[in-house]
Amino acid sequence: MSNLSGIFSFKGRIGRGEFLAHIAVTIIVIVSGITVLFSSRFSSLLPEGAGAAIFYAFLLLAFFWYILAFMSKRCHDLGNPGIYMLIPFYGLDMFVGESELGDNDYGPNPTGANRVDPREGVVNSQEPPIPD
């Protein structure tokens, strides 16, 4: 799922590189948001009142949904259900773990580099198979 159409979807898989890109976006959004909210230069530009509170709550909910979606897809890439993201220290495996080879219950390998052939074992699609 390398396009932006499914960023809020919990279906599919994302590889480590795309996961790290989502982490970078998350960090940038959080730092930018904190800067804007607490900077005296921008405080006069921010809306106030109940309508603004509802707007900010909606933005926060959408951002939280986005984070849960990409973390769930990374769990899927490792061959586990999305709920595994709640396991303490599982996040480390999400950063360094290798994708499950070939297709799994959650979709095809996002890199497309590894395919599993039941007759020949693992075949890397980027290299031609070795003839017998």
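# Close-up views of a predicted model

The protein has four helices and two strands (DSSP runs, H or I of at least four residues for helices and E of at least two for strands, numbered from the N terminus). This is a predicted model, in which local features need pLDDT of at least 70 and side-chain atom pairs count only at pLDDT 80 or more, while totals for chains, interfaces and linings use all residues. Residues are numbered from 1 along each chain as its sequence is written, and side-chain values use heavy atoms, with hydrogens and water left out.

Overview. Among contacts with a separation of 6 or more, 54% are between residues 24 or more positions apart (a contact is heavy atoms within 4.5 Å).

**View 1. Salt-bridge network of R13, R74 and D77.** The structure holds three salt bridges (a side-chain nitrogen of Lys or Arg within 4 Å of a carboxyl oxygen of Asp or Glu). One of them joins R13 to D77, with an N to O distance of 2.9 Å. R13 lies in the segment before α1 (16-38) and D77 in helix α3 (residues 50-77), so this pair ties together parts that are 64 residues apart in sequence. R13 is buried at 2% relative accessible area, and D77 is buried at 0%. D77 also pairs with R74, the closest N and O atoms lying 2.6 Å apart. R74 and D77 are both in helix α3, three residues apart, or about one turn of the helix, and both are buried.

**View 2. Salt bridge between E98 and R16.** The two side chains meet at 3.4 Å, N to O. E98 belongs to the loop between α4 (90-96) and β1 (114-117), whereas R16 is in helix α1, so the pair ties together parts that are 82 residues apart in sequence. E98 is exposed, with a relative accessible area of 59%, and R16 is partly exposed at 30%.

**View 3. Helix α3 and its buried residues.** The helix has 28 residues and reaches 41 Å from its first C-alpha to its last, close to the 40 Å expected at 1.5 Å a residue (the expected span is 1.5 Å times one less than the number of residues). Its buried residues include A52, F63, A69, S72, K73 and H76. Among the elements covering the buried residues of α3 are α1 and α4. G79, with a positive phi near 90°, follows the helix.

**View 4. The largest nonpolar core.** Eleven residues form this core: I14, F19, F63, Y66, I67, F70, C75, L78, M85, Y90 and M94 (a nonpolar core is a set of buried Ala, Val, Leu, Ile, Met, Phe, Trp, Tyr and Cys residues joined through side-chain atoms within 4.5 Å). At least two residues of the core come from each of α3 and α4. α3 supplies the largest share, five residues.

Notes: Buried means under 20% relative accessible area, exposed over 50%, partly exposed in between (1.4 Å probe, protein chains only).
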